[in-house]
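These are my notebook entries on a single structure. I record what I looked up, one topic at a time.

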Amino acid sequence: MRYVSTRGTAPPLGFSDVLLTGLAADGGLYVPESWPRLAVREGATSYVDVAVDVMFPFVEGSIERDDFASMVDDAYAGFDHPDVAPLVQLDDDTWLLELFHGPTLAFKDVALQLVGRLFDHELARRGERVTIVGATSGDTGSAAIEALRDREAIDVVILHPKGRVSDVQRKLMTTVDAPNIRNVAIDGTFDDCQDLVKAMFADVPFRERQRLSAVNSINFARVMAQTVYYVTSQRRLGGPVSFAVPTGNFGNVFSGYGAMRMGVPIRRFVIGSNRNDILTRFLATGTMSISEVHATLSPAMDIQVSSNLERLLFELVGHDGAQIAELMARFRGEGTVTFPSELLDAVSESFSGFRVDDDETTAEIRRTYDETGLVIDPHTAVGVAASRAAGREQGIPMVVLGTAHPAKFPDAVEAAMGVRPELPPHLADLDVRPERVDELPNDLAAVEAYVAELTRA
Ligand SMILES: *Cc1c(COP(=O)(O)O)cnc(C)c1O
């Protein structure tokens with residue numbers, strides 16, 4: 001399998017290079033040259049067995065099948081549900097796909113648990129090491145830490161703004177007891193943390209000496225891992241299905257599109273946005289334009305530019321990288337771009353979008369509880385509300401992606417229904433686990449000295 005850049009000029013790469021490279025040299029994102037045809041073996045029934053069959057064509061040529069199968073098995077062994085991604089019925093024709101049974105209670109675990117193992121495997125094969133540095137406002141940091149803990153070839157330093165992440169989120173990061181993980185509380189804001197990370201990457205001698213790297217949200221391996229649950233849930237329900245996906249960076253829903261291209265019978269995708277609605281405005285008008293980021297009850301979707309949308313557009317223009325490069329340059333330059341109407345028509349064939357504001361999100365948490373007895377988190381509520389707005393087609397079940405456990409966002413849930421959701425059993429003692437965190441000033445030299453001292457790179 002070879003991968004090509006959405007901007008057409010970077011060299012095609014194999015899977016292992018795509019894994020470690022992240023962004024393509026021409027600024028584009030890698031996608032498979034062609035989508036493999038789904039070929040799940042007769043006897044494959046467990047999540048892991050199906051996952052290996054679905055994903056192996058993407059890694060073939062880079063990883064041996066047995067090695068890959070054992071990494072997949074290992075990645076999902078720690079999930080607290082035997083189905084990994086169970087389906088729960090909400091009403092006659094609506095199902096909730098629970099993607100939050102991993103260690104940090106959000107769907108990002110499904111991809112990152114595998115990606116951490118793929119990184120380690122490939123680095124060991126090459127005899128290389130990396131230092132992952134990242135800034136987090138809470139959510140991604142914990143998923144990355146859990147995925148990369150105890151990996152031989154990887155050191156991890158995650159910066160968070162001191163006193164500005166929620167208790168649950170901080171503890172999910174700081175209670176991890178692993179020799180290769182460091183949490184640093186920075187005396188500053190999230191933006192300060194992000195600026196420090198950018199400055200470390202911009203310091204080329206430092207970056208090269210420490211072999212800095214990132215488990216990027218645009219890494220194709222994450223897209224690949226997320227195609228699997230679209231396959232397993234359609235197989236459970238049989239016949240064509242539709243999916244409603246609460247969306248930020250367009251990564252999760254693009255994985256669904258990939259599954260469709262591989263042959264899964266999917267009727268359409270309903271995109272749910274919060275107040276940060278660049279995607280739903282694009283679907284309504286054909287114009288994509290940047291606006292300010294607003295803080296909402298679903299913070300993992302507080303995103304201005306949905307970078308993975310570029311992958312979909314590239315698919316829909318028949319892999320014309322020059323056209324995508326030109327549209328993206330205009331978007332970067334002017335902050336707004338209007339797409340050709342044929343392109344918008346092609347998107348609209350499979351996707352519709354709905355914006356759900358905080359009041360509607362709160363109302364949906366309450367309504368879902370009243371009607372089904374299930375407690376859902378604010379991100380999932382955006383998906384459920386969007387699926388309601390989209391309506392139903394006769395005989396086509398709707399699967400809503402449940403992207404976080406309600407206990408990860410207890411304040412929003414409590415405000416909506418007056419009851420505070422409890423952490424699942426494996427995290428019940430989170431409050432009393434010892435925390436490991438170092439504190440540093442908002443100062444590049446201090447942070448670089450800290451990274452240089454601990455890393456084994
Ligand atoms: C990251 C995240 C999303 C958005 O996923 P994208 O792939 O960025 O669209 C939705 N919900 C939760 C809980 C998340 O952590």
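**Thr361.** I began with Thr361, which I located in helix H15, residues 358-372. The model is predicted. Is Thr361 buried or exposed? I read a relative accessibility of 0% for Thr361, so I class this residue as buried, the cut-off being under 20%. Setting aside neighbours within four places in sequence, I listed the contacts of Thr361 as Val356, Pro378, Ala381 and Val382.

**Thr296.** I then turned to Thr296, which I placed in the loop between E11 and H12. Thr296 also counts as buried, because its relative accessibility is 13%. Which residues does Thr296 touch, not counting those up to four places away in sequence? I noted Asn274, Arg275, Asn276, Asp302 and Asp358. I looked up two polar contacts made by the side chain of Thr296: one reaches the side chain of Asn274 at 2.9 Å, and another reaches the side chain of Asp302 at 2.7 Å. I also checked Thr296 against Phe58: the two are 238 residues apart in sequence, and their C-alpha atoms are 36 Å apart in space.

**Helix H11.** Next I examined helix H11, residues 278-285, and recorded its buried residues as Ile278, Leu279, Thr280, Phe282 and Leu283. What covers them? I found that the cover includes the strands E10 (266-273), E11 (287-289) and E13 (351-355), together with the helices H12 (309-316), H13 (321-334) and H14 (341-350). Just after H11, I noted a positive phi of about 85° at Gly286.

**Ligand site.** How many residues surround the ligand? I counted 15, of which the closest are Lys108, Gly248, Asn249, Asn252 and Thr403. I then looked up individual distances. A backbone N or O atom of Phe250 is 3.2 Å from a ligand oxygen atom, and a polar backbone atom of Asn252 lies 2.9 Å from an oxygen atom of the ligand. For Thr403, a polar side-chain atom lies 2.9 Å from a nitrogen atom of the ligand. The ligand taken alone exposes 390 Å², and I noted that the protein buries 96% of that area.

Last, I consulted UniProt, where an unreviewed entry lists residues 2-76 as "domain: Threonine synthase N-terminal". In the model, I found this span to be 43% helix and 8% strand, with its end C-alpha atoms 26 Å apart.

Key. Residues are numbered from 1 along each chain as its sequence is written. This is a predicted model: local features need pLDDT of at least 70, side-chain atom pairs count only at pLDDT 80 or more; totals for chains, interfaces and linings use all residues. Side-chain values use heavy atoms; hydrogens and water are left out. A residue is near a molecule or strand if one of its heavy atoms lies within 4 Å of it. A polar contact is a pair of N or O atoms within 3.5 Å; within protein, one must be able to donate a hydrogen and the other to accept it, and residues adjacent in sequence count only if both atoms are side-chain atoms. Accessible areas come from the Shrake-Rupley method with a 1.4 Å probe; for residues, only the protein chains shown count as cover. Buried means under 20% relative accessible area, exposed over 50%, partly exposed in between (1.4 Å probe, protein chains only). Helices (H or I, at least four residues) and strands (E, at least two) are DSSP runs, numbered from the N terminus. Contact means heavy atoms within 4.5 Å. UniProt positions are given in the numbering used here, feature names are shortened, and annotations may be inferred rather than shown by experiment.
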